[in-house]
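Visitor: I would like to learn how to read helix packing and nonpolar cores in a model. Could you take me through one?

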Amino acid sequence: MEKYSSKATAALVLGIISVVLAFLYHLAIPALVCGIIASGFASEIRSAADKEGFKADGKTTAALVLGIIGLSFSALRIISCISCYSCVYPNAFDLIGFHIFS
(Lines give C-alpha, C1' and ligand atoms only; values in the text may rest on other atoms or scores of the structure.)
Protein backbone atom coordinates (compact mmCIF):
# COMPACT_ATOMS: atom_id res chain seq x y z
CA MET A 1 0.00 0.00 0.00
CA GLU A 2 2.92 2.34 0.64
CA LYS A 3 3.72 2.62 -3.04
CA TYR A 4 0.17 3.85 -3.74
CA SER A 5 0.08 6.36 -0.89
CA SER A 6 1.39 9.29 -2.92
CA LYS A 7 -1.00 8.52 -5.78
CA ALA A 8 -3.90 8.36 -3.29
CA THR A 9 -2.89 11.75 -1.90
CA ALA A 10 -2.67 13.22 -5.40
CA ALA A 11 -6.09 11.79 -6.25
CA LEU A 12 -7.56 13.28 -3.07
CA VAL A 13 -6.07 16.71 -3.78
CA LEU A 14 -7.35 16.60 -7.38
CA GLY A 15 -10.80 15.57 -6.14
CA ILE A 16 -10.92 18.51 -3.73
CA ILE A 17 -9.73 20.88 -6.46
CA SER A 18 -12.38 19.48 -8.80
CA VAL A 19 -15.21 20.17 -6.37
CA VAL A 20 -13.97 23.67 -5.58
CA LEU A 21 -13.42 24.63 -9.22
CA ALA A 22 -16.83 23.28 -10.23
CA PHE A 23 -18.46 26.10 -8.26
CA LEU A 24 -16.17 28.89 -9.45
CA TYR A 25 -17.04 31.05 -12.42
CA HIS A 26 -15.67 29.86 -15.79
CA LEU A 27 -13.58 27.06 -14.30
CA ALA A 28 -15.83 24.11 -15.07
CA ILE A 29 -13.53 22.64 -17.74
CA PRO A 30 -10.46 22.44 -15.44
CA ALA A 31 -12.77 20.97 -12.79
CA LEU A 32 -13.90 18.35 -15.30
CA VAL A 33 -10.28 17.42 -16.07
CA CYS A 34 -9.33 17.23 -12.37
CA GLY A 35 -12.38 15.08 -11.65
CA ILE A 36 -11.52 12.65 -14.44
CA ILE A 37 -7.92 12.32 -13.27
CA ALA A 38 -8.91 11.92 -9.60
CA SER A 39 -11.47 9.24 -10.42
CA GLY A 40 -8.97 7.45 -12.65
CA PHE A 41 -6.24 7.43 -10.01
CA ALA A 42 -8.65 6.23 -7.32
CA SER A 43 -10.05 3.48 -9.55
CA GLU A 44 -6.54 2.36 -10.44
CA ILE A 45 -5.59 2.12 -6.75
CA ARG A 46 -8.76 0.20 -5.90
CA SER A 47 -8.19 -2.31 -8.69
CA ALA A 48 -4.56 -2.72 -7.62
CA ALA A 49 -5.77 -3.30 -4.06
CA ASP A 50 -8.04 -6.09 -5.28
CA LYS A 51 -5.25 -7.71 -7.29
CA GLU A 52 -2.52 -7.42 -4.67
CA GLY A 53 -4.71 -8.30 -1.71
CA PHE A 54 -4.60 -5.16 0.43
CA LYS A 55 -7.44 -2.91 1.51
CA ALA A 56 -7.65 0.54 -0.04
CA ASP A 57 -7.62 3.26 2.59
CA GLY A 58 -10.10 6.06 3.18
CA LYS A 59 -8.12 8.52 1.08
CA THR A 60 -8.80 6.43 -2.00
CA THR A 61 -12.52 6.22 -1.31
CA ALA A 62 -12.74 9.94 -0.56
CA ALA A 63 -10.81 10.74 -3.74
CA LEU A 64 -13.16 8.60 -5.82
CA VAL A 65 -16.26 10.20 -4.29
CA LEU A 66 -14.92 13.75 -4.63
CA GLY A 67 -13.78 13.09 -8.19
CA ILE A 68 -17.22 11.84 -9.18
CA ILE A 69 -18.96 14.77 -7.45
CA GLY A 70 -16.67 17.32 -9.11
CA LEU A 71 -17.05 15.58 -12.45
CA SER A 72 -20.84 15.61 -12.25
CA PHE A 73 -21.17 19.21 -11.07
CA SER A 74 -18.79 20.51 -13.69
CA ALA A 75 -20.49 18.52 -16.47
CA LEU A 76 -23.89 19.88 -15.39
CA ARG A 77 -22.44 23.38 -15.30
CA ILE A 78 -21.02 23.08 -18.81
CA ILE A 79 -24.30 21.68 -20.16
CA SER A 80 -26.35 24.41 -18.48
CA CYS A 81 -24.03 27.15 -19.76
CA ILE A 82 -24.27 25.85 -23.32
CA SER A 83 -28.05 25.54 -23.17
CA CYS A 84 -28.49 28.99 -21.61
CA TYR A 85 -26.17 30.59 -24.15
CA SER A 86 -27.96 28.90 -27.03
CA CYS A 87 -31.35 30.12 -25.78
CA VAL A 88 -30.20 33.71 -25.34
CA TYR A 89 -28.31 33.79 -28.65
CA PRO A 90 -30.09 31.25 -30.88
CA ASN A 91 -27.92 31.93 -33.93
CA ALA A 92 -24.60 32.06 -32.10
CA PHE A 93 -23.53 28.54 -33.05
CA ASP A 94 -24.29 29.09 -36.76
CA LEU A 95 -20.86 30.70 -37.13
CA ILE A 96 -19.14 27.39 -36.48
CA GLY A 97 -21.60 25.34 -38.50
CA PHE A 98 -23.45 23.89 -35.51
CA HIS A 99 -27.20 24.31 -35.99
CA ILE A 100 -29.24 23.78 -32.85
CA PHE A 101 -32.68 24.94 -33.94
CA SER A 102 -32.73 23.71 -37.52
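Predicted model: local features only at pLDDT ≥ 70, side-chain atom pairs only at ≥ 80, totals over all residues.

Visitor: How are two packed helices described?

Guide: By the angle between their axes and the distance between the axes. Here helix α1 (residues 5-22) and helix α3 (residues 58-88) pack at about 30°, and their axes are 8 Å apart.

Visitor: Are α1 and α3 roughly parallel or roughly antiparallel?

Guide: Angles under 35 degrees count as roughly parallel, so α1 and α3 are roughly parallel to each other. The crossing of α1 past α3 is left-handed.

Visitor: Which residues meet where α1 and α3 pack?

Guide: On the α1 side they include Ala 8, Leu 12, Ile 16 and Val 19, and on the α3 side Ala 63, Leu 66, Ile 69 and Phe 73 are among them. The residues of this contact comprise 12 nonpolar, 8 polar and 2 charged.

Visitor: And what should I expect of nonpolar side chains?

Guide: In soluble globular proteins they tend to be buried together. In this model the largest nonpolar core consists of 7 residues: Tyr 4, Ala 8, Ile 45, Ala 48, Ala 49, Phe 54 and Ala 56. Helix α2 (residues 28-52) gives the most to this core, 3 residues. A second, separate core has 5 residues, among them Leu 12, Ala 42, Ala 63 and Leu 64.

Visitor: Is Ala 49 buried or exposed?

Guide: Ala 49, in helix α2, has a relative accessible area of 3%, so Ala 49 is buried. Leaving aside neighbours within four places in sequence, Ala 49 is in contact with Phe 54 and Ala 56. Tyr 4 lies 45 residues from Ala 49 along the chain, yet their C-alpha atoms are separated by 9.3 Å.

Note on methods. Residues numbered from 1 in each chain as written. Heavy atoms only, no water. Core = buried A, V, L, I, M, F, W, Y, C linked by side-chain atoms within 4.5 Å. Buried < 20%, exposed > 50% of the residue type's maximum accessible area, 1.4 Å probe, protein only. Helix = DSSP H or I, 4+ residues; strand = E, 2+ residues; numbered from the N terminus. Axes fitted to C-alpha atoms, helices over the stretch in contact; angles between N-to-C directions. Parallel < 35°, antiparallel > 145°, perpendicular 65-115°, else oblique. Left-handed = near helix turned anticlockwise from the far one by under 90°. Contact = heavy atoms within 4.5 Å. Nonpolar A, V, L, I, M, F, W, Y, C, P; charged D, E, K, R; others polar.
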